Amino acid sequence: MRQTFPLVALALLAACGGGGGGGTPVVAAPAPPPATCPISVAKPNPSFAGDLVPALQSSCGAAATSCHGGASPTGHATFSGTAAEVYAQLVNVVPASAPAGWLRVKPGDPAHSWILEKVTKDQPGGSGYGTRMPQGAPNLCQPTVDTLSAWISAGAPNN
């Protein structure tokens, strides 16, 4: 009988949730959703490496399990890696799935930069070209979009 008391006591303590939990089981928190407002105040002269790469990584994903992380689907930009690697996948690159005439980032021309079309339109390029990004998360906040647009308008410098 002496051996059952410690087992019963442990079972009761576990059911209490470690004290103060009111009997509610402790459940691991789900992974946070992408940050959809990584730049909360628009920046008129943003740095690609210092402002935009972190914003892209936090809102679109840089983890290997993300669509734009380590193992992106064929034709999609990967936002993991160095700023130079991300830049090389964006600027003056024809997107895999977009209407003719688009570039992922067309320096000096936000209106023809596919990345802005993808983050501002529910049906980018019309139907058949995917959905608004970030997929499965709230739309990017306006200051983030404005910062991205300002960078493209300034010629998309690799700064």
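**Close-up 1. Phe48 and Trp151, both of them buried, in a predicted model**. Phe48 and Trp151 are both buried in this structure, which is a predicted model. A pair of aromatic rings is described by the distance of the centres and the angle of the planes. For Phe48 and Trp151 the ring centres lie 4.9 Å apart and the planes meet at 25°, so the pair is stacked, given that planes under 30 degrees apart count as such. Phe48 belongs to helix α2 (residues 48-60) and Trp151 to helix α5 (residues 142-153), so this pair ties together parts that are 103 residues apart in sequence. Over the whole structure, a search finds 5 aromatic pairs.

**Close-up 2. The edge-to-face pair of Tyr87 and Trp151**. The ring centres of Tyr87 and Trp151 are 6.3 Å apart and their planes stand at 75°, so the pair is edge-to-face, the cut-off for this class being over 60 degrees. Because Tyr87 lies in helix α3 (residues 83-90) and Trp151 in helix α5, the pair ties together parts that are 64 residues apart in sequence. Tyr87 has a relative accessibility of 17% and therefore counts as buried, and Trp151, at 1%, also counts as buried, the limit for this term being under 20%. Phe48, Tyr87 and Trp151 form one aromatic cluster.

**Close-up 3. The buried residues of helix α3**. In α3 the buried residues are Val86, Tyr87 and Leu90. These residues cover an arc of only 100° around the axis, which puts them on the same side of α3. The buried residues of α3 pack against α2, against α4 (114-120) and against α5. Just after α3, Asn92 takes a positive phi of about 60°.

**Close-up 4. Arg132 in the loop between α4 and α5**. Arg132 is found in the loop that lies between α4 and α5, and its relative accessibility of 19% means that Arg132 counts as buried, since the limit is under 20%. The side chain of Arg132 reaches the backbone oxygen of Thr120 at 2.8 Å, and with the side chain of Asp122 the Arg132 side chain makes a polar contact at 2.9 Å. When residues up to four places away in sequence are not counted, Arg132 touches Lys118, Val119, Thr120, Lys121, Asp122, Pro124 and Asn139.

Definitions and conventions:
Residues numbered from 1 in each chain as written. Predicted model: local features only at pLDDT ≥ 70, side-chain atom pairs only at ≥ 80, totals over all residues. Heavy atoms only, no water. Phe/Tyr/Trp six-rings, centres within 6.5 Å; stacked < 30°, edge-to-face > 60°. Helix = DSSP H or I, 4+ residues; strand = E, 2+ residues; numbered from the N terminus. Buried < 20%, exposed > 50% of the residue type's maximum accessible area, 1.4 Å probe, protein only. Arc of directions from axis to C-beta. Contact = heavy atoms within 4.5 Å. Polar contact = N/O pair within 3.5 Å; in protein donor to acceptor, adjacent residues only side chain to side chain.
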